[in-house]
Structures are given as C-alpha cells and as structure tokens.
There are 2 protein chains.
Amino acid sequence: MSEVTIRDVAKAAGVGVGTVSRVINNHPSVREATRKKVEEAIKALNYHPHTIARQLSLGKTSNIGVVAPFFIRPASVERLRGVETILAEHKYDLILYNVETKERRDELFETLPRGDMFDGLLIFTLSPSDEVAERLVNGPIPVVLVDASHPRISRVIIDDVQGGYMATKHLIDLGHERIAYISDILESPFEHVGASTLRYQGYQQALQEAGIPLRPEYYRQDQHGVLQARKMAHDLLSLPQPPTAIFAASDTQAIGVLQAAQERGLAVPEQLSIIGFDDIEIAEYLKLTTIHQPLFTSGVEGAALLFQCMEDPARRRQPTEILLPLRLVERATTAPPAGM
Amino acid sequence: MSEVTIRDVAKAAGVGVGTVSRVINNHPSVREATRKKVEEAIKALNYHPHTIARQLSLGKTSNIGVVAPFFIRPASVERLRGVETILAEHKYDLILYNVETKERRDELFETLPRGDMFDGLLIFTLSPSDEVAERLVNGPIPVVLVDASHPRISRVIIDDVQGGYMATKHLIDLGHERIAYISDILESPFEHVGASTLRYQGYQQALQEAGIPLRPEYYRQDQHGVLQARKMAHDLLSLPQPPTAIFAASDTQAIGVLQAAQERGLAVPEQLSIIGFDDIEIAEYLKLTTIHQPLFTSGVEGAALLFQCMEDPARRRQPTEILLPLRLVERATTAPPAGM
DNA sequence: AGGAGAGATTGAACCGGTTCCAAATCATTA
DNA sequence: TAATGATTTGGAACCGGTTCAATCTCTCCT
C-alpha cells in the first residue's frame, strides 16, 4: 500500500528529493509553480511521509513518554488527562508505560532513560533512587516528576506532610481524640512512594501538637484498594476502644471505610467521621470530606514544565519545583464525635 | 551522551558491524569468543541500540496504537487495562490517542491508517464510516474495533440491543410500567456511537413486548456526565406522572440519577428504581443494579485478536466478530414499585 | 598436505526521510 | 549583452540500525 517514498514523488514530479522534502516541510524557498507540481504528485500517489524515517533523520520523535503506576487509579487518570491537554496543543503523541510490579518499574528505569522513543519523559508517583536519578539527569532527554520527588530533577508535587496535618487537624478541631490512619504499605519502596509515609508524619505532627498520644493500634496499612481498606476499617472498629474518626490516605480507601461503617450500621458522620485524600470525582457524589489535591493541574503543570525543559536545555541544570496547593473540602462525612 | 553507535562498538571490538548486530539479536552463528569480545565492548561503551533506527530498518515498531474517546471514562480505562496486560506479554508498547472532539477524531482517522508508528491499531467505541473503514482495510496494518462495529473489520462487541432489553425487562418483571430511559445524545455520530441508540431499541422492544405504550416524555438525552444525568432525572421526576423506574445508559449517568433521588428525598429502591449499564468498579460500592459488560475482557480479547491478525495476515481478510456476554447484576437499587 | 564443506565474519546496500553544498536558474543592473 | 548576486534546485551523504552476498576460517577427511 503506502510504500510510496519521497523518491517516487520526486520522480513523478520531475524534481529532486530535496525539493519534495522542502515542499512537505513548507520551507519558503520553493517556487510557487514547483510547489504546485509537487503537491499534485503527492496527491496523485497518495504519498504520506514515513514517520519513523522522519524521526530518525530528524533526531526528534514528537512523542513524550509517561510512566504511570496503576494508571487505572482515578488519580493517575486525572493527571493523564491534564497531560493530554498540553500534548494536544504541541501536537505530541503519548506513549504510556503502565507499571504494576517492581520488576516492571526496574525494567523501565533501566531502558527508558536512553530516550530514543520520545523527546521527554514524565514519571508519575515513582520517586527514583539516587542511582536512577543520576542516569536520568545524564540521559539525553529531560525528565519531570509528578507526585514524586528527587532533588536533582524538576518536579510537580504537593506537601504531603501538610496534607496529613490538615486532615488530622480538621478532625482534632471537631473534637476527636481517637483518630485512626489507614494507608497503603509504607515500606513498599514501590507504590506511591513516600506519599503515605509523609501524610503519616503530618498525622503524627497534628496529634503531637494537640497533645494527643499516638496509639500504634490506630494505624493500619495494607495494599491499596477498596476491599483492603474495608477490612482495615473493620479491624479498627472492632477494637475495645474503637476510633471515632478515620483518616484514609486516599479517597479510594475512604470508600472502603464508608462501606465498613455501613455494614456495621454505624452512622456517618454521627458515629464515625471519615476523611479521605485526593478529592477524586466521585468524592463529591459520596459527600466525602477530603483533602483536595489538584490532580488535573498536576498533569498540566508537569507537561508544561517538561516542554519548557525540552525547549531550553539550560532549565535542566537547575531543577524546578512546583508545589501545588492543598485544600480541605468539608462535605458530609466529618462531624464532632458523638456526645459533643 | 548515548551517541555511541553500532559502528563504534564494532571498531572497539575489532569486528564488523554485522557481527555486533548478530550479537545484539543473539543470532546463533557467532563464535563464543567473538560474542564475549563484543559484549565487553558494548558494556565498556555503555552502548544501547537506537530504537528508532532499529524500527526503520526492521520495518516493525513493536508499538500498538489505541484510539480511545474520553479515555478518562471508567469504562475506557478498564478496557485499556485489559489491553495493557496483553501488550506486556508481547513486549509491545502502547501509544495512546485520546479523542474528545469530532475534529480530533477525523484528524486521527485521516492520519492513523498509514500506521507507520505502530504495527497494529485498536479503536475503542468509535465506529468508522464506510469510507474510513475502506481506508483501514486497505491500510498496511491490521485494525480491531472494541465496542464499535463495522462489517469489514474484526471487532469485539456486546449486544447492546439485548442489553437494553435485559435492563428494561428486569424493571418490567418487577412490576414497573412507568419506565424512563436516559442516555447521552443519540444523534451524535461521535461519542459512544450507536450503543445508546441500540440500548434504546432494546428498551422499546421490551416495552412493546409487555404491551406498555412508549411515552416520549420518558426519554431524555444530553451530554454524557453525572451532572447532566442529574438534571435529566430531576426533569423526569418533576413530570405530572413521574416514572417509577429509570434506566440509565451508563453507570456514570445512573450516579446522577441516584443523586437526584437523594436530593428529592426519594427512597431508592422503594420509591424509585434505578438501573445502570456497564458495572464499573464503583457500582458495587453503590449497590447499583446494572447490566454487567466485560470491560476488562473486551480489552484483553481485542488486543489478543489484534495480535492474531498481526501474526497471520490471512485473518485480516475474514473479519472476526467476538460477542461478549451481558449479565444482569441485581443489587439494591431496583425493587417492585411502591404499592406492589 | 590438499581440498571440500560448514560455519563465522565482513561491509556495502538498504530502510525513508533531511540537510547542505554545489550547480543551475532567474532577475537586475551597468 | 555580460556580469553580478539572489533564488531555486539537485542529489550525495547522513541518521543508526539490519541483511545478505561474498569472503575468510576452521575442521575434517583422504
């Protein structure tokens, strides 16, 4: 089918290949008559330039790569959507690398920095080790982290410690003292690295500030997911002295907590307050109180920053940090504890 | 940085480029001693083959393209996840084309069939016109449709008419007669082409079969989205004789209906039955009765079929149709109408 | 030792674009 | 009309791989 090459067009139009190339890239120095001749030949042969060949000789791909762990999670999807809007503006295509295992992550961190398939790389949520960061910095293409961090690489992040603090403080201000925290696994160097841990720090800070002692039994961790969160909530609520409020490290996990409360016939927020994190779309419908983080915006900013780095290599030397604001969104799942 | 080419390696190892190439692709006829020499040179120079150059000379990209309208919708995301599992097995990468406007769709349908960026193309939800289909069939790479249809192209689909029928029949069997249907815009030749229309046909069929007259005021359409659905539900429930059951063409829209019911203080399912379509993840948490369609599986099957077509070009001549089963999932949002 | 045949190796040609130097054409002016 | 300079144009060389025909090296056998 489309085995028509630029040389075929040149022959058909009776010109040289250079001229055809110039017409395609509408370079100014082509006489009008010639241009027309070539354009006709192109149409007649139904010629379309071969993208890969073009990329090779240009040394530019017009693709950007995105590494997204669990891109099915609502948060990743929202970010991706943000990225997409910027890419569309720049006429860039998106190569998506999903990551669901540690092995896959390592494989990608090994191969991607060569960056011969794209002109820029966006990494979501996975904070690189010093060694990987080193490779990324020295690699041929710019990299921007979104929801992940490393001092040597430009990044778009939120202050997770502050987020954890805000959520916990909100519960304390309502009068709660028995406040639990559930999250995905902190030690996992893999998923959502750091975020849960940092939020936990914020949680601890707020408690300490209020003079509320930390109770180890009020902290649970498990794989991310509604089901696991539901299980953890049940465990917490079965304690001799159950918490009056639960802070879940993500809205998805908060849904599991809501579910558990419902199953136990506990009224929310009268008997149990629940606060999430992220403010994903469905949180509004569920009337879930949560900490809003600008997910869509993080994608937009990350992509925009990446394009800046691509245009101006100098920016790569001096990593930029964009810190996005958090906001408490009070809906209907938090209230003062029973009896206040 | 990585400007090391295969010729540099050849020189360093004191062999010809052909030999280096053979080592890279571990072709058998290389003597052990030579192989070792080359491998050392590769390591010493930190050489990595240039993907794009490889693709050009091989005429193969190891990418597959996916066109997904509104890939942020939970249904698209689930499908994508299915696709991803198959790609990972085959070591293929994923180039994602999001579509949110008619212009973008047309642009993609114009440029993608050339298929020089990938070895196979998956199109979600957008049924091609005869003209586009013609181009796809004659194009250089195989194409598979998922949740979209054209007689000349292999596809993975569900029976939307039957789905509409099942949902409506369920409500009728419960005793409902005042059954409304809401959907996204039928005439839109663009989004979710056909599905809503076909489900509407199933709805009509079921009503007719039960001898229930069709009431035009019980059918509403608007852009896809929770908010729009909520508005439509309010309109329906404000009618002098409001419906006792609402069938929403997607779970997302069903959420809007749930919201409206809640706002009006209508008990679900006692005063209003609601049934959705898709069975997205959150439907379970919401206890939404719905028609389950195998979203994840559709991605898996679509990708698998595509790989078959890529391996065996003969399969392209004879388009395959894979019809996935639908299933009614009864949860807690449907019940007999009040007073039965 | 000489020769046949299998196996290993080389490097030019190719994939399909872009670029750039040199050559050709055109327009302008003396 | 010839000379001069500005525009256009042609096409070889290049991007970095793979491939294949030709050549070189071994082994093994008589």
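How many bridges join strand β4 (residues 143–146) of chain A to strand β5 (residues 154–158) of chain A, and do these strands run parallel or antiparallel? There are 3 bridges, and the two strands run parallel. This is a predicted model. The pair belongs to an open sheet of 12 strands with mixed pairing, to which chains A and B both contribute. DNA strands C and D each have 26 surrounding residues.

**How the two chains are related**

**The interface between chains A and B**
- The contact involves 30 residues of chain B and 30 residues of chain A.
- Strand β2 (residues 93–99) of chain A and β2(B) are joined by 3 bridges and run antiparallel.
- Within this pairing, I95(A) stands opposite I95(B).

- β11 (321–324) of chain A and β11 (321–324) of chain B stand at the edges. Each has a single partner strand, so one side of each is left without a neighbour in the sheet.
- Neighbouring strands are turned by 20° against each other on average, direction ignored.
- Between β4(A) and β5(A), which run parallel, V146(A) has V156(A) as its bridge partner.
- Helix α13 (residues 295–311) of chain B packs on the sheet. Its contacts are β1 (63–69), β3 (120–124), β4 (143–146), β5 (155–158) and β11 of chain B.
- The direction of α13 makes about 165° with that of β4(B).

**The surface near DNA strand C**
- Among the 26 residues that surround DNA strand C, the closest are I6(A), G16(B), G18(B), S29(B) and T34(B).
- α2 (17–24) and α4 (51–58) of chain A, and α2 (17–24) and α4 (51–58) of chain B, each supply at least two residues.
- α4(A) gives the most, with 5 residues.
- The class count is 11 nonpolar, 12 polar and 3 charged residues.

**The surface near DNA strand D**
- Here the closest of the 26 residues are V15(A), G16(A), G18(A), T34(A) and I6(B).
- α2 and α4 of chain A, with α2 and α4 of chain B, each supply at least two residues.
- α4(B) has the largest share, 5 residues.
- The residues divide into 11 nonpolar, 12 polar and 3 charged.

**Domains of chain A**
- Chain A is divided into domain 1 (6–49), domain 2 (62–158 + 295–325) and domain 3 (160–293).
- The C-alpha centres of domain 1 and domain 2 of chain A lie 38 Å apart.

Technical notes:
Residues are numbered from 1 along each chain as its sequence is written. Chains are lettered from A and ligands numbered from 1 in the order in which they are written. This is a predicted model: local features need pLDDT of at least 70, side-chain atom pairs count only at pLDDT 80 or more; totals for chains, interfaces and linings use all residues. A residue is near a molecule or strand if its C-beta atom, placed from the backbone, lies within 6 Å of it. Helices (H or I, at least four residues) and strands (E, at least two) are DSSP runs, numbered from the N terminus. Ala, Val, Leu, Ile, Met, Phe, Trp, Tyr, Cys and Pro count as nonpolar, Asp, Glu, Lys and Arg as charged, and the others, Gly among them, as polar. Two residues are in contact if their C-beta atoms, placed from the backbone, lie within 7 Å. Two strands pair if DSSP finds at least two bridges between them. Axes are lines fitted to C-alpha atoms, for helices over the stretch in contact, and angles run from 0 to 180 degrees between N-to-C directions. Domain bounds come from an automatic or database domain assignment.
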